[in-house]
Amino acid sequence: MKSIFIKEGSWYKGNTHMHTTRSDGVKDPESAVKEYKDKDYSFVVITDHVRYFNSNIYDADDFLVIPGVELHVNKPEEIYENHHVTGLFDMIKDATFPHDHEFKVPLYDGKDIRPAQEIIDILKDNSNYVIYAHPDWSRTTPENILKLKNYDAIEVWNHQCDFNCHNGDGTMFWDILLRKGVKVWAVASDDRHINDER
């Protein structure tokens, strides 16, 4: 069988979506980062909610914490659909948000998609690679995903969502985007909030 993966170059194990006690995770950043280092990861992105992480305090010669955040829209309780995106600093570009920068959360009425586009745009306009997070868990629709522009990737697997609710698989959304000519990358993440003891 022919492999679709390139053989030259280097491979790095990393996680693009995780949480700490800076938002709703159970591990402080130092402890969480240590666990990934101990499991031979090369990088992580700390994507705590609404609060940008941008510090090199946990970096090492063989490990990198890429600056990042998770943003979402607020919504009335009766609306099920939500929109979450993660941003990670594209480190070959200009400077981005400072450490601990807190974002305003726009209101989503379930009809006007502009608040979701707003959170994408603010990250893209400030040198971030943007990933649409856990589309199935967010109860979004293919129609609304197709209205959004300028993001770089979509989560095709989110382990936390699958572990908790059995809705971590976003491959259907990626397939629909590709069929419609929207070229975005696919990302799998663990979206870690809880301890490993599960």
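**Cysteines and strands**

Author: The sulfur of Cys161 has its closest cysteine sulfur in Cys165, 6.3 Å away, which is too far for a bond. A disulfide needs a pair of cysteine sulfur atoms within 2.5 Å. Cys165 is therefore in no disulfide either, with the sulfur of Cys161 as its nearest, at 6.3 Å. The whole structure has zero disulfides.

This is a predicted model, where local features need pLDDT of at least 70 and side-chain atom pairs pLDDT 80 or more, while totals for chains, interfaces and linings use all residues. Residues are numbered from 1 along each chain as its sequence is written, and side-chain values use heavy atoms, leaving out hydrogens and water.

Reader: Why is Cys161 called buried?

Author: Buried means under 20% relative accessible area, exposed over 50%, and partly exposed in between (1.4 Å probe, protein chains only). Cys161 has 5%, so Cys161 is buried.

Reader: Is Cys165 buried, exposed or partly exposed?

Author: Its relative accessible area is 38%, so Cys165 is partly exposed.

Reader: What makes strand 7 and strand 8 a pair?

Author: Strands are DSSP runs of E, at least two residues, numbered from the N terminus. Two strands pair if DSSP finds at least two bridges between them. Strand 7 (residues 153–158) and strand 8 have five, and run parallel. Glu155, for one, has Val187 in strand 8 as its bridge partner.

Reader: Which strands stand at the edges of the sheet, and why?

Author: The open sheet has five strands in the order 4-5-6-7-8, with mixed pairing. Strand 4 (68–72) and strand 8 (185–189) each have a single partner strand, so one side of each lacks a neighbour in the sheet.

Notes
Helices (H or I, at least four residues) and strands (E, at least two) are DSSP runs, numbered from the N terminus.
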